[in-house]
Structures are given as C-alpha cells and as structure tokens.
Amino acid sequence: MTRRRIGRHLTGGMVPDDELARTRREDELREAFSRWASGVSIVAVRSEGRVHALTVSAFIPVSLDPPLVLVSLGPNASALPYLEPGQQYGISILTADQQGLASRFADVFPVGPSPFTEGEPPLVAGALAAFSCVVEEVRPTGDHHLVLGSVVDTTSGGGDAVLLYYRRGYHRIE
Ligand SMILES: Cc1cc2nc3c(=O)[nH]c(=O)nc-3n(C[C@H](O)[C@H](O)[C@H](O)COP(=O)(O)O)c2cc1C
C-alpha cells in the first residue's frame with residue numbers, strides 16, 4: 001500500500017500547486033477512488049419531451065425520514081441545467097444485464113432505443129430499483145455539483161443480479 005499526502009484543505013491556506021503536482025494528485029485520487037465499489041445508476045430528467053440522462057456511480061442514500069438521496073454530477077453533465085429545485089427526476093439502479101445502458105449513458109455507445117418508462121420522471125424499465133425524486137438543492141462543491149433530492153416514490157425489482165463498478169470495470173453479484 002502506498003501512502004501519499006495529496007491534498008490541501010478547502011478552507012485552509014493555499015499550498016503552491018503547479019500543473020504537474022495537480023495532475024499527479026488527480027491521478028492518485030482517481031486510482032484510490034476506483035477502489036470504491038459501487039452500484040451503477042442512471043439519472044434522468046425530461047424537459048420539453050426530451051430525456052437527458054447519464055450514468056452515475058456517485059449516488060448516496062442520505063436519509064429515511066425525510067427520504068433524501070444525493071448524486072454528484074460533473075459540471076458538463078448535460079442533465080445538470082435541467083435539475084433545478086422542484087424539478088422531477090429519476091434515479092434507476094441497474095441490473096447486471098443492463099450494463100449496456102451504463103456504457104450508453106456514459107456516452108461510450110450512445111445509441112439505442114429508449115429504455116425509459118413513459119411516465120414522469122423517466123425511469124429505466126426493469127431496473128433493480130428506481131426512485132422518483134424532486135430536486136431540493138443543487139450545491140456546487142469542488143469541481144462537481146451535489147444534487148440533493150426528496151424521494152417521492154420508489155419501486156424495487158425482483159432478485160436480479162446487480163451491476164457493480166469497481167476499478168474501472170463492471171462486475172455482477174447475484
Ligand atoms: C460507471 C460510471 C460511473 C459514472 N459516474 C458518474 C458520476 O457519479 N457523476 C458524473 O457526473 N458522471 C459519472 N460518470 C460519467 C458520465 O456518465 C458521463 O460523463 C456522461 O457522458 C455524462 O452525460 P452527458 O454526456 O449526457 O453529459 C460515470 C461513468 C461511468 C461509466
């Protein structure tokens with residue numbers, strides 16, 4: 001195990017930080033973050049009949065009462081401009097058999113028929129679990145945006161295998 005001091009505090013004094021040091025720090029962080037095994041979800045919002053969706057592993061169930069969930073989105077996520085307070089959106093947890101959707105909504109293979117249900121918000125048909133949410137707050141944090149939402153409805157699927165993402169690869173557990 002390698003241990004490195006890589007950061008500075010958000011609130012602390014600035015440590016001189018050249019381009020090379022920053023790149024190295026990001027590479028090391030990315031490597032360490034990749035050790036976090038997560039599920040894979042699709043976050044989707046509909047605006048003027050169009051669905052804007054992306055693959056998200058940074059999903060956190062935050063609170064049961066009130067029911068709250070959080071996702072962390074990059075600044076270029078095309079869904080982000082539509083996620084304003086009060087907006088409905090969906091979070092769908094993918095089954096292992098839906099790995100193709102994970103690649104598709106990460107823009108790796110961005111083609112195929114719509115996997116979304118007709119209702120509002122757009123949810124992935126056959127997902128392992130799906131949450132209908134309403135945006136409570138969007139908070140820019142570091143180089144991402146934290147989207148906090150209330151869960152207004154939830155569905156849970158059957159005993160399908162779950163899709164996991166770990167060290168930049170997909171895995172399944174039954
Ligand atoms: C497994 C996986 C997990 C991802 N998790 C996130 C995430 O948590 N937040 C995020 O902003 N992007 C995440 N991405 C990247 C986005 O899915 C990707 O940038 C997507 O193309 C953005 O959608 P857009 O092209 O419609 O803007 C992930 C990609 C993959 C493959």
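Two residues are in contact if their C-beta atoms, placed from the backbone, lie within 7 Å.

**Entry 1: ground rules**

I am looking at a predicted model, where local features need pLDDT of at least 70, side-chain atom pairs count only at pLDDT 80 or more, and totals for chains, interfaces and linings use all residues. My residue numbers start from 1 along each chain as its sequence is written.

**Entry 2: the whole chain**

I looked up the secondary structure and found two helices and 10 strands in the protein chain. Both kinds of element are DSSP runs numbered from the N terminus: helices are H or I with at least four residues, strands are E with at least two. From the N terminus, I read the order as α-β-β-β-β-β-β-α-β-β-β-β.

Next came the overall dimensions. Along the principal axes, the C-alpha atoms of the protein chain fill a box of roughly 50 × 35 × 35 Å. I then checked the radius of gyration, taken over C-alpha atoms, against the globule rule of 2.2 Å times the number of residues to the power 0.38. For 174 residues a compact globule would come near 16 Å, and the protein chain has 17 Å, which agrees.

I also looked at contacts between residues at least 6 apart in sequence: 64% of them in the protein chain join residues at least 24 apart.

For burial, I call a residue buried if 20 or more other C-beta atoms lie within 10 Å of its own, exposed if 12 or fewer, and partly exposed in between, with C-beta atoms placed from the backbone. Buried residues make up 22% of the 174 residues in the protein chain.

**Entry 3: around the ligand**

Which residues are closest to the ligand? I counted 17 residues around the ligand, and the closest are L54, A58, G74, S78 and A106. Strand β3 provides the largest share, three residues.

I sorted the shell by type and got 10 nonpolar, six polar and one charged. In this scheme Ala, Val, Leu, Ile, Met, Phe, Trp, Tyr, Cys and Pro are nonpolar, Asp, Glu, Lys and Arg are charged, and the others, Gly among them, are polar.

**Entry 4: strands side by side**

I treat two strands as paired if DSSP finds at least two bridges between them. Strand β4 (residues 59–63) runs antiparallel to β5, and four bridges join them. One pair I noted is S63 with its bridge partner L68 in β5. A hairpin of four residues links β4 to β5.

Elsewhere I found an open sheet of three strands, antiparallel, in the order β1-β9-β10. At its edges stand β1 (38–39) and β10 (169–173), each with a single partner strand, so one side of each has no neighbour in the sheet. Strand β9 (residues 162–166) pairs with β10 over five bridges, and V162 stands opposite I173.

**Entry 5: I91**

Is I91 buried or exposed? I91 counts as buried because 26 C-beta neighbours lie inside 10 Å. I located I91 in strand β6 (residues 88–93). Beyond its neighbours within four places in sequence, I91 is in contact with S41, V43, F59, V69, V71, F131 and C133. F131 is 40 residues away along the chain, yet the two C-alpha atoms are separated by 5.2 Å.

Most residues other than glycine have a negative phi, and most peptide bonds are trans. I therefore looked for exceptions to that rule.

- D65 and P66 are joined by a cis peptide bond, with omega about 5 degrees; P66 is in the loop between β4 and β5.
- E120 and P121 are also joined by a cis peptide bond, with omega about 0 degrees; P121 is in the loop between α2 (99–104) and β7 (129–141).
- D107 has a positive phi near 65 degrees and is found in the loop between α2 and β7; D107 is exposed, with 10 other C-beta atoms within 10 Å.
- R167 has a positive phi of about 50 degrees and sits in the loop between β9 and β10; R167 counts as exposed, with 10 C-beta neighbours inside 10 Å.

Key
Near = placed C-beta within 6 Å.
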